[in-house]
Amino acid sequence: MTTVSQLIIYCLAPVVMFYGWYRVDLSGETIVLPLIIFAIYSIICVGALYILQYFYPHRAINYILSFSLSSANSWYFGIPMLLALAGEKYLPLLILCIAFILLYENIVWFYLTYRTSFKPLQALQKVAKLPWLYALILWIILNLFHVTLSVDVMSYVDYFRGGYI
């Protein structure tokens with residue numbers, strides 16, 4: 001890893017997101033809202049990209065604007081606001097929703113960005129290399145099989161959280 005951003009994207013962020021996901025029990029009730037949010041963000045981004053191509057001939061501006069329209073300041077504004085309104089009872093669900101927003105950003109955004117330079121299959125292959133997907137798959141598998149991680153593993157993961165913040 002040669003840059004701090006690579007360290008964050010490929011090492012710290014997936015571990016921290018896994019930790020957040022791990023604290024939430026996977027069920028039909030808890031997964032519906034994050035999936036709806038993921039779908040809404042994706043539809044806004046792709047829809048805006050499609051509409052903007054008729055107004056701006058420059059492709060890079062279209063991508064920047066569509067990403068701006070479909071992004072949120074969830075970490076700095078969303079969490080404190082929802083905690084104030086709903087209380088800590090819904091904190092795990094809130095973290096899961098925000099994690100799916102980040103997942104959207106790291107799947108849809110990266111795919112669309114890669115599509116500017118690569119064919120669709122190549123762009124999907126590049127997205128498949130992102131560790132976020134592996135963190136999500138690991139969380140789903142551990143949750144479905146009710147595997148609990150030891151205290152030692154969770155304390156080790158806590159070091160990653162400190163590095164991410």
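A helix here is a DSSP run of H or I at least four residues long, numbered from the N terminus. By that rule, Trp 109 sits in helix H5. Keep that residue in mind; the tour comes back to it. The model on your screen is predicted.

**Stop 1: the whole chain**

Show the chain as a cartoon. Count the helices: there are eight, with zero strands. From the N terminus on, the order reads α-α-α-α-α-α-α-α. The radius of gyration is 17 Å, close to the 15 Å that the globule rule gives for 165 residues, so the chain is as compact as a globular protein of that length.

Now turn the model. Along its principal axes, the C-alpha trace spans about 55 × 40 × 30 Å. Colour by burial next. Buried residues are 35% of the 165 in the chain. Then look at contacts with a sequence separation of 6 or more: 74% of them join residues 24 or more positions apart.

**Stop 2: H2 against H5**

Two packed helices are described by the angle between their axes and the distance between the axes. Select residues 28–52, helix H2, and residues 91–115, helix H5. Their axes come within 9 Å and cross at roughly 30 degrees. The crossing is right-handed.

Show the side chains. On the H2 side, the contact includes Ile 31, Leu 35, Phe 38, Tyr 41 and Cys 45. On the H5 side, look for residues including Leu 96, Phe 100, Tyr 104, Val 108 and Trp 109. Which classes of residue make up this contact of H2 with H5? There are 20 nonpolar residues, two polar and no charged.

**Stop 3: H2 against H3**

From H2, select Ile 44, Cys 45, Ala 48, Leu 49 and Leu 52. They meet Asn 62, Tyr 63, Leu 65, Ser 66, Phe 67 and Leu 69 in H3. This contact holds nine nonpolar residues, two polar and no charged.

**Stop 4: the aromatic rings**

Show the rings. The structure holds nine aromatic pairs. Zoom in on Tyr 50 and Tyr 54: their ring centres are 5.6 Å apart.

Next, select Phe 38, Tyr 41, Tyr 63, Phe 67, Tyr 104 and Trp 109 together. These residues form one aromatic cluster.

**Stop 5: Trp 109**

Centre the view on Trp 109 in helix H5. It is partly exposed, with a relative accessible area of 22%. Which residues does Trp 109 touch, leaving aside neighbours within four places in sequence? They are Cys 45, Phe 67, Ser 70, Ser 71 and Tyr 104. Pick Ser 70 from that list. Ser 70 lies 39 residues from Trp 109 along the chain, yet their C-alpha atoms are separated by 9.8 Å.

**Stop 6: Asn 143**

Finish in helix H7, residues 131–144, and select Asn 143. Buried means under 20% relative accessible area. Asn 143 has 11%, so it counts as buried. Not counting residues up to four places away in sequence, Asn 143 touches Val 24, Asp 25 and Leu 26.

Definitions and conventions: Residues are numbered from 1 along each chain as its sequence is written. This is a predicted model: local features need pLDDT of at least 70, side-chain atom pairs count only at pLDDT 80 or more; totals for chains, interfaces and linings use all residues. Side-chain values use heavy atoms; hydrogens and water are left out. Axes are lines fitted to C-alpha atoms, for helices over the stretch in contact, and angles run from 0 to 180 degrees between N-to-C directions. Helices (H or I, at least four residues) and strands (E, at least two) are DSSP runs, numbered from the N terminus. A crossing is left-handed if the near helix is turned anticlockwise from the far one by less than a right angle, and right-handed if clockwise. Contact means heavy atoms within 4.5 Å. Ala, Val, Leu, Ile, Met, Phe, Trp, Tyr, Cys and Pro count as nonpolar, Asp, Glu, Lys and Arg as charged, and the others, Gly among them, as polar. Buried means under 20% relative accessible area, exposed over 50%, partly exposed in between (1.4 Å probe, protein chains only). Rings of Phe, Tyr and Trp (its six-membered ring) pair if their centres lie within 6.5 Å; planes under 30 degrees apart count as stacked, over 60 as edge-to-face and the rest as tilted. The radius of gyration is taken over C-alpha atoms; the globule rule is 2.2 Å times the number of residues to the power 0.38.
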